[in-house]
Amino acid sequence: MARAVTQQRKLINTTLAWGIGLLIFFPILWTILTSFKTEATAIADPPVFLAFDWTLENYTAVLERSNYAKFLWNSIIIAGGSTILGIMIAVPAAWSMAFVPSRRTKDILLWMLSTKMLPAVGVLYPIYLICIELGILDSRVALVVILMLMNLPIIVWMLYTYFKEIPGEILEAARMDGASLKEEILYVLTPMAIPGIASTLLLNFILAWNEAFWTLNLTAANAAPLTAFIASYSSPEGLFFAKLSAASTMAIAPILILGWFSQKQLVSGLTFGAVK
Amino acid sequence: MATKHSRSAARLMMAPAVILLLGWMLVPLTMTLLFSFKQYLPLRGGDLGWVGFDNYIRFVSSSAFWPSVTATLIIVGGVLAITITLGVLLAILLNQPMWGQGVVRILVIAPFFVMPTVSALVWKNMFMDPTNGLLAHLWRFFGAEPVSWLSEASMTSIIMIVSWQWLPFATLILLTAIQSLDSEQLEAAEMDGAPPVKRFAFITLPHLSRAITIVLLIQTIFLLAIFAEIFVTTGGAFGTRTLTYLIFQRVLESQNVGLGSAGGVYAIILANIVAIFLMRIVGKNLDA
């Protein structure tokens, strides 16, 4: 009896959850479907769901219209570069805060996070000017550095949280055995820290890939990544649903797949381990 | 445990991050402060000298100021309310036994990875377009007049788009928190005859308070600065001009750096009021 009730409840839960899940996912699904339609089918009323002649013409059109490869390359360089640079600076900082804590460690961490509260728009013009002065406006270098700085507090926090979880006893044991600081880092800490570092890398890459404020304002022709490429479709000449969908699909597909793989890390990472 | 040697090594390792962030904060901030006291029009004469607090007074007394503060607060508040309420409900639902939970979870979190420019454009054109959008088709199917979402219900539209982007985040965090809830406690309460609403109010919700705080904190940081969603949808028209967007327009579009900088200082003050409040909460949670 009780079992029948739970089965029934499970069925209701499943139906409800799948319904809501599909509803939330629908805009993405619709975009992907539309990208394979002709422009006429894309705006057909009533809308066509699956029964249409699938075509790749939008993808070819988008690739011909703009230098997609260049935007993609810029995205990869900017997101990848800022992530690697950020990790290189953040790992030592987070490591020292986690393993050699002082009374001010907590204050430093909070202060770092507080720099995230500085509204980007409040310092837009100074950064713009600095870029002009240094001759790096509309360059990938500028965005690598800016996005690195923007995400640095988050990376430090994430790494700090991961490093904190490495048990101190293991370190002490290594020290007892006479390991030098270098050996300690190389053979004891690094292997244990790699999963944390990897998920930080992944998340930071996603954040940098999707960042739009700085990329829209500091790039034009040379260094524009995919965020800016898509924004160019907001002009009236770009109001073609199928082509917009193809471009959108190409811009989000890599990161969507990466995101799905890192969903578990997302939680512990973005909440600094405060939610378990 | 920490020796003098390791302590100085630690300082050395922290130095790059601290120095860079300090520079990132102080250099542009000082420049913004400096510009805010100047009449500075890059395309119309450049730096025209000091004007004291003129820019600050002009920015506040401009007819666009208070509406922009209101718009900011409505968007942030609206999105927070929607994402946290729906997030709690969705987290509870997803925590129930069901078939294909993993797949549903993947469907639900997907919007979080869609770049803001894409989600704004997809919503604007394919859903909210008054002639060809899917919502217009739906309205016509039911014999109703299609809505020009972004001009007639602009705030609602923006809140909808941004909520869609942030609901996955809230859900994911809250789901993780709910999974750590001791189910025996809930069962015991059920045995004792506590109705579902009471079990939710006295057991589930208090358990989630910490996770809700975290969602509140992270989302507020990002929502105060939303830009791309407005940039590609309304361009700040129809009452959707947030403080961020207003400053952006003053600085880049009308090239009035002095005035925009004064606005920037106001935005920084606003963000810091929120920050102090939020930091206290996080500071408390950090001790664990």
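This is a predicted model: local features need pLDDT of at least 70, side-chain atom pairs count only at pLDDT 80 or more; totals for chains, interfaces and linings use all residues.
From chain A, α7 (140–164), α9 (181–210) and α10 (213–218) each supply at least two residues. From chain B, the elements that do so are α8, α10, α11 (228–232), α12 (243–253) and α13 (257–286). The lining of this cavity counts 42 residues, and those nearest the centre are K116(A), E211(A), I221(B), F222(B) and A225(B). By class, 33 of the lining residues are nonpolar, six are polar and three are charged. The volume of the largest cavity is about 890 Å³. A search of the whole structure gives six cavities of 30 Å³ or more.

The largest pocket has a volume of about 680 Å³. Its lining is made of 20 residues, with R9(A), I92(B), Q96(B), L186(B) and R199(B) closest to the centre. Chain A takes part through α1 (2–34), and chain B through α3 (65–95), α8 (154–179), α9 (183–191) and α10 (196–223), each of these helices supplying at least two lining residues. Which helix gives the most to this lining? It is α10(B), with five residues. The lining of the largest pocket splits into ten nonpolar, six polar and four charged residues.

The second largest pocket has a volume of about 500 Å³. The residues that line this pocket number 16, and L23(A), I24(A), W123(B), W164(B) and L167(B) lie nearest its centre. Two or more lining residues come from each of α1 of chain A and α3, α5 (116–127) and α8 of chain B. Here α1(A) gives the most, with five residues. How does the lining of the second largest pocket divide into nonpolar, polar and charged residues? There are 15 nonpolar residues, one polar residue and no charged residue.

The two chains also meet across an interface. The size of an interface is often given as the accessible area lost when the parts come together. Between chain B and chain A, the buried area is about 9100 Å², and carbon and sulfur atoms give 81% of it. On the chain B side, the residues that lose the most area to chain A are W24(B), W99(B) and F113(B), which together make up 10% of what that side buries. In terms of contacts, 99 residues of chain A touch 96 residues of chain B. The number of salt bridges between the two chains is zero.

For chain A, an unreviewed entry gives "transmembrane region" for residues 12–33, 71–96, 108–129, 141–163, 184–207, 213–233 and 240–261. In the model, residues 12–33 of chain A are 100% helix and 0% strand, with 28 Å between the end C-alpha atoms. Residues 108–129 of chain A are 59% helix and 0% strand, and their end C-alpha atoms are 29 Å apart.

For chain B, UniProt, again in an unreviewed entry, lists residues 12–37, 69–94, 106–123, 158–178, 214–238 and 258–282 under "transmembrane region". Among these spans, residues 106–123 of chain B are 67% helix and 0% strand, and the end C-alpha atoms lie 20 Å apart. Residues 158–178 of chain B are 100% helix and 0% strand, with the end C-alpha atoms 29 Å apart.

Technical notes:
Residues are numbered from 1 along each chain as its sequence is written. Chains are lettered from A and ligands numbered from 1 in the order in which they are written. Side-chain values use heavy atoms; hydrogens and water are left out. UniProt positions are given in the numbering used here, feature names are shortened, and annotations may be inferred rather than shown by experiment. Helices (H or I, at least four residues) and strands (E, at least two) are DSSP runs, numbered from the N terminus. On a 1 Å grid over the protein atoms alone, a cavity is a set of points where a 1.4 Å probe fits but cannot get out, and a pocket is an open set with protein on both sides within 12 Å along at least five of seven lines; lining residues have an atom within 4 Å of a point. Grid points are joined across faces, edges and corners, and a volume is the space filled by probe spheres set on the points. Ala, Val, Leu, Ile, Met, Phe, Trp, Tyr, Cys and Pro count as nonpolar, Asp, Glu, Lys and Arg as charged, and the others, Gly among them, as polar. Contact means heavy atoms within 4.5 Å. Buried area is the accessible area (1.4 Å probe) that two parts lose on being put together, summed over both. A salt bridge is a side-chain nitrogen of Lys or Arg within 4 Å of a carboxyl oxygen of Asp or Glu.
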